[in-house]
Amino acid sequence: MIRSVVLTAILVCSGWAGAQQGAMSISPAKTKQYITYVAEEQRLTAGKKGALVLRFQVNEGFHVNSHTPKSELLIPTNIAFQPAAGVTASPVEYPTGTAYSFSFEPNEKLDVYTGSFTVKVPVVVEAGSHTINGVLRYQACDKAACYPPKSLPVQVLVTAK
């Protein structure tokens, strides 16, 4: 009797432990992004004013708030870069958005980006190769709702000669 109780306890514990291991090995769900960024190597003249050009693509069926969404309740698209040695950046230049209104509130116009949009970053870069890391923060919406804000990592490779 004791032997069967001990055996049952071992099996229950091993099953429990296996279930715990399985639960611990589950990787977190991949965060859905509504924007795609394709890194393009940038070539600039060393020591001269230039501009990094970053191209983004909003997924079909969605739009994102522009940098100036016309409502305090909406989160503007914003990009922030970490400082990079040999790179002096000026304030980011955002494109003008497009007027958009939801069907359930046609008189309220928002300012959004749809399809592709380009962000420019005026810079002066020292000679050499540089990697600039940043994050694009945005809020995506579809025809029915807006979704929680997202962060998209951005990496820019710059060569200046």
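These legends go with several close-up views of a predicted model. Local features need pLDDT of at least 70 and side-chain atom pairs count only at pLDDT 80 or more, while totals for chains, interfaces and linings use all residues. Numbering starts from 1 along each chain as its sequence is written, and side-chain values use heavy atoms, with hydrogens and water left out.

**View 1. An open sheet runs in the order S1-S3-S9-S6.** Its 4 strands pair in the antiparallel sense. (Strands are DSSP runs of E, at least two residues, numbered from the N terminus; two of them pair if DSSP finds at least two bridges between them.) At the edges sit strand S1 (35–37) and strand S6 (87–89), each pairing on one side only. Neighbouring strands here are turned by 40° against each other on average, direction ignored; the axes are lines fitted to C-alpha atoms, and angles run from 0 to 180 degrees between N-to-C directions.

**View 2. Strands S3 and S9 pair up inside that sheet.** S3 covers residues 49–58 and S9 covers residues 116–125, and they're joined in the antiparallel sense over 9 bridges. To find your place, look for Ala-51, whose bridge partner in S9 is Pro-122.

**View 3. Here is the largest nonpolar core, with 29 residues.** (Such a core is a set of buried Ala, Val, Leu, Ile, Met, Phe, Trp, Tyr and Cys residues joined through side-chain atoms within 4.5 Å; buried means under 20% relative accessible area, with a 1.4 Å probe and protein chains only.) Ile-35, Leu-52, Leu-54 and Phe-56 have the most contacts inside it. S1, S3, S9, strand S10 (128–138) and strand S12 (150–160) each give two or more residues to this core. Zoom in on Leu-54: beyond its neighbours within four places in sequence, its contacts (heavy atoms within 4.5 Å) include Tyr-37, Phe-81, Val-121 and Val-156.

View 4. S4 and S11 are linked over 2 bridges, and His-63 has Cys-141 as its bridge partner in S11.

**View 5. Ser-71 sits in the loop between strand S4 (63–65) and strand S5 (78–81).** Ser-71 counts as buried because its relative accessibility is 18%. Its side chain reaches the backbone nitrogen of Leu-73 at 3.2 Å.

Methods:
Buried < 20%, exposed > 50% of the residue type's maximum accessible area, 1.4 Å probe, protein only. Polar contact = N/O pair within 3.5 Å; in protein donor to acceptor, adjacent residues only side chain to side chain.
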